[in-house]
Amino acid sequence: MAEPIFPEPELIHARAPAKINLVLRVGHPRDDGYHPLATVYQAVGLYDEVTASVAEPGVFEVRVDGEDSDAVPAGDSNLAVQAARLLAGEAAEPVGVSLAITKAIPVAGGLAGGSADAAAALVSCAALWDLEATTDDLLPLAARLGSDVPFALMGSTAVGSGRGESVVPALSRGCYHWVLAIADRGLSTPAVYRRYDELGPTPPEPFAVPDGLMSALVTGDPARLGPELINDLQRPAIEAMPALRLLLETGAELGALGQIVSGSGPTCAFLAADQSAAIELSTALSTSGTCRAVRPVAGPVHGARVLAG
Ligand code: C5P
């Protein structure tokens, strides 16, 4: 077939997953205001998609649609735009990009949706600009963009330290079935951390991810993992949104093997024995009137990736 006279503009599609924290231990704030974390991330099968296409050099623009898109900034404060600008600094020639984000991850939900967009922007722009960057090359840029961005690039299951940006893959067997219960509004992450400090917490000694959780992950048995879930931000998140207490209790009564507020909330994650138990739990939770929406998801899944075609 003859080459088209006007070739189609190149479009690079990428997607990146939401995360939950299976353990989130939070220390006293550091001098820079960030809190030291000992956390275990798991990437779950709920994805934002980012499409990158060439724009004039120096132009960085974004369009957002999908879930909660009105709540996502469309200018330079958009984390995906910041990611593109940062990566552009690594390109040999001036570049630009037009990004289109399709959101499925709730905004301000404790699922690192903005970080997923930044990670997807990094991989899509690297491909668009032919930078031949590996995940390892992109990790330091990701860390500059936000605490959860390196994990959004890496995916799977990982232990996080520092302010969350330092990630090391964790040994985990099998597939876990979760039900994410989404609240009808978001929570501000800095506000939840502030409330955590006001509560006068005593971080655990030693400050580390508990061995029990790491051993449970190696068994691949959700009944072992359920009781090991811990989140130090759960109490301040519930104070900010008291309805979460009833939601967590309802999930437990409906047979979840474990339940936890995800990150700084307000999304709650309920662990089920298998896929059919997750679907049953989703139906029961969605008719309980304790949350806005439910999403059955499985994890771990891969990190930010360019999609073929
Ligand atoms: O790193 P990121 O920009 O995602 O963090 C958002 C906010 O969450 C920070 O400005 C800070 O208030 C809070 N945070 C924190 N300690 C962390 C991570 C985030 O206090 N380890």
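The second largest pocket is lined by I182, A183, D184, M241, A243, L244, L247, G289, T290, C291 and R292. A pocket here is an open set of points on a 1 Å grid over the protein atoms alone, where a 1.4 Å probe fits and protein lies on both sides within 12 Å along at least five of seven lines; lining residues have an atom within 4 Å of a point. The model is predicted: local features need pLDDT of at least 70, side-chain atom pairs count only at pLDDT 80 or more, and totals for chains, interfaces and linings use all residues. Residues are numbered from 1 along each chain as its sequence is written, and side-chain values use heavy atoms, with hydrogens and water left out.

The volume of this second largest pocket is about 150 Å³, taken as the space filled by probe spheres set on the points, which are joined across faces, edges and corners. Helix α9 (residues 243-253) gives the largest share of its lining, 3 residues. Helices (H or I, at least four residues) and strands (E, at least two) are DSSP runs, numbered from the N terminus. The lining comprises 7 nonpolar, 2 polar and 2 charged residues. Ala, Val, Leu, Ile, Met, Phe, Trp, Tyr, Cys and Pro count as nonpolar, Asp, Glu, Lys and Arg as charged, and the others, Gly among them, as polar.

The largest pocket has a volume of about 1,000 Å³. Of its 39 lining residues, A112, S115, D148, T189 and P190 are the closest to the centre. Elements giving two or more residues to this lining are β1 (11-26), α1 (79-88), α2 (113-128) and α5 (189-198). The largest share, 4 residues, comes from α2. By class, 18 lining residues are nonpolar, 16 polar and 5 charged.

α2 also packs against helix α3 (residues 135-145), at an angle of about 145 degrees and with the axes 11 Å apart. Axes are lines fitted to C-alpha atoms, for helices over the stretch in contact, and angles run from 0 to 180 degrees between N-to-C directions. A118, L122 and V123 of α2 meet L138, A142 and L145 of α3 (contact means heavy atoms within 4.5 Å). This contact has 6 nonpolar residues, no polar and no charged ones.

Strands pair if DSSP finds at least two bridges between them. Strand β7 (residues 176-182) is joined to strand β10 (residues 268-272) by 5 bridges. H177 has A272 of β10 as its bridge partner.
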